[in-house]
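The entries below follow the order in which I looked things up.

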Amino acid sequence: MKYIQPFILLPMFEVSDNQHIYKMENFQETDQKFQYFNRPKQELKVIDEILGEAKLANAFTHWTYAATGKRFMITDVQGWQIELGHFNLTGPIVFSPVPDQLGYVDWGLDGMESWMKKHICNDICNDLPMIEDQNLIYQCMNYMEQFQNNSFQEQINVILGSHN
Ligand SMILES: [Zn+2]
């Protein structure tokens with residue numbers, strides 16, 4: 001599963017009250033169908049006549065929740081399937097320990113638990129190690145800490161720095 005690398009755009013003019021940033025991605029061209037594999041509220045059952053049921057996306061969302069020890073969850077998995085088990089994805093929604101901190105649809109632990117209640121584990125879930133990954137948790141929490149305690153400009157540096 002591969003997310004398309006976004007770019008951050010900063011307007012070069014002064015904005016008095018609110019500072020805005022924009023996220024952009026390169027135009028993607030494919031003859032595959034763009035699909036939502038799950039949404040922030042629940043998983044979706046996507047069945048392709050050739051590739052079968054797309055189970056990986058929902059297992060992935062479950063895994064993000066398990067591996068981060070219920071601290072984060074990536075939902076709204078959307079994009080297109082290239083071949084069996086290979087997806088190009090865009091526009092994730094992330095639930096974090098502090099609701100709203102990662103956007104308007106960051107529903108925090110409530111969002112994660114609500115998603116999990118409606119999720120039915122598939123065979124990929126059963127094959128994945130659904131256990132906490134301490135290194136991943138450390139990286140995520142460290143990133144959030146840098147992000148939270150900083151000014152707007154420093155937050156931008158944190159975002160940009162993560163790709164260097
Ligand atoms: Zn599952």
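These notes go from the whole chain to the sheet, then to one helix, and end with a few single residues.

**Entry 1: the whole chain.** I noted before anything else that this is a predicted model. I then looked up the secondary structure, and the protein chain comes to five helices and ten strands. For the overall extent I took the C-alpha trace, which spans about 50 × 35 × 25 Å along its principal axes. I also compared the radius of gyration with the rule for a compact globule: for 164 residues the rule gives a value near 15 Å, and the 17 Å of the protein chain agrees with that.

**Entry 2: burial and contacts.** I looked up how much of the chain is buried, and found that buried residues make up 20% of the 164 residues. Among the contacts with a separation of 6 or more, I found that 53% join residues 24 or more positions apart.

**Entry 3: the sheet.** In what order do the four strands of the open sheet lie? I read the order as E1-E9-E8-E4, with mixed pairing. The edge strands are E1 and E4 (35-36), each of which pairs on one side only.

I then went through the pairs. Strand E1 (residues 2-3) runs parallel to strand E9 (residues 86-90), and two bridges join them. In this pair I found lysine 2 opposite asparagine 88, while tyrosine 3 has leucine 89 as its bridge partner. E8 and E9, in contrast, pair in the antiparallel sense over five bridges, and there I noted glutamine 81 standing opposite phenylalanine 87. E8 and E9 also form a hairpin with two residues between them, and glycine 85 in the turn has a positive phi of about 80°.

**Entry 4: helix H2.** Which residues of helix H2 (residues 108-118) are buried? I found Gly111, Met112 and Trp115. Seen down the axis of H2, these buried residues fall within an arc of 100°, so they line one face of the helix. On the other side of H2, I found Asp110 and Lys117 exposed. I also looked up what covers the buried residues of H2, and the cover includes H1, E7 and strand E10 (93-95).

Entry 5: Lysine 70 is not a glycine, yet I read a positive phi of about 65° for it. I placed lysine 70 in the loop between helix H1 (56-67) and strand E7 (73-75). Lysine 70 has 15 other C-beta atoms within 10 Å and is therefore partly exposed.

Aspartate 76 is likewise not a glycine and has a positive phi, of about 60°. Its place is in the loop between E7 and strand E8 (78-83).

**Entry 6: glutamate 154.** I ended with glutamate 154, which is found in helix H5 (residues 152-161). Is glutamate 154 buried or partly exposed? I counted it as partly exposed, because it has 13 C-beta neighbours inside 10 Å. I also looked up its distance from aspartate 123, which lies 31 residues apart from glutamate 154 along the chain, and the C-alpha atoms of the two are separated by 43 Å.

Note on methods. Residues are numbered from 1 along each chain as its sequence is written. This is a predicted model: local features need pLDDT of at least 70, side-chain atom pairs count only at pLDDT 80 or more; totals for chains, interfaces and linings use all residues. The radius of gyration is taken over C-alpha atoms; the globule rule is 2.2 Å times the number of residues to the power 0.38. A residue is buried if 20 or more other C-beta atoms lie within 10 Å of its own, exposed if 12 or fewer, and partly exposed in between; C-beta atoms are placed from the backbone. Two residues are in contact if their C-beta atoms, placed from the backbone, lie within 7 Å. Two strands pair if DSSP finds at least two bridges between them. The arc is that of the directions from the helix axis to the C-beta atoms.
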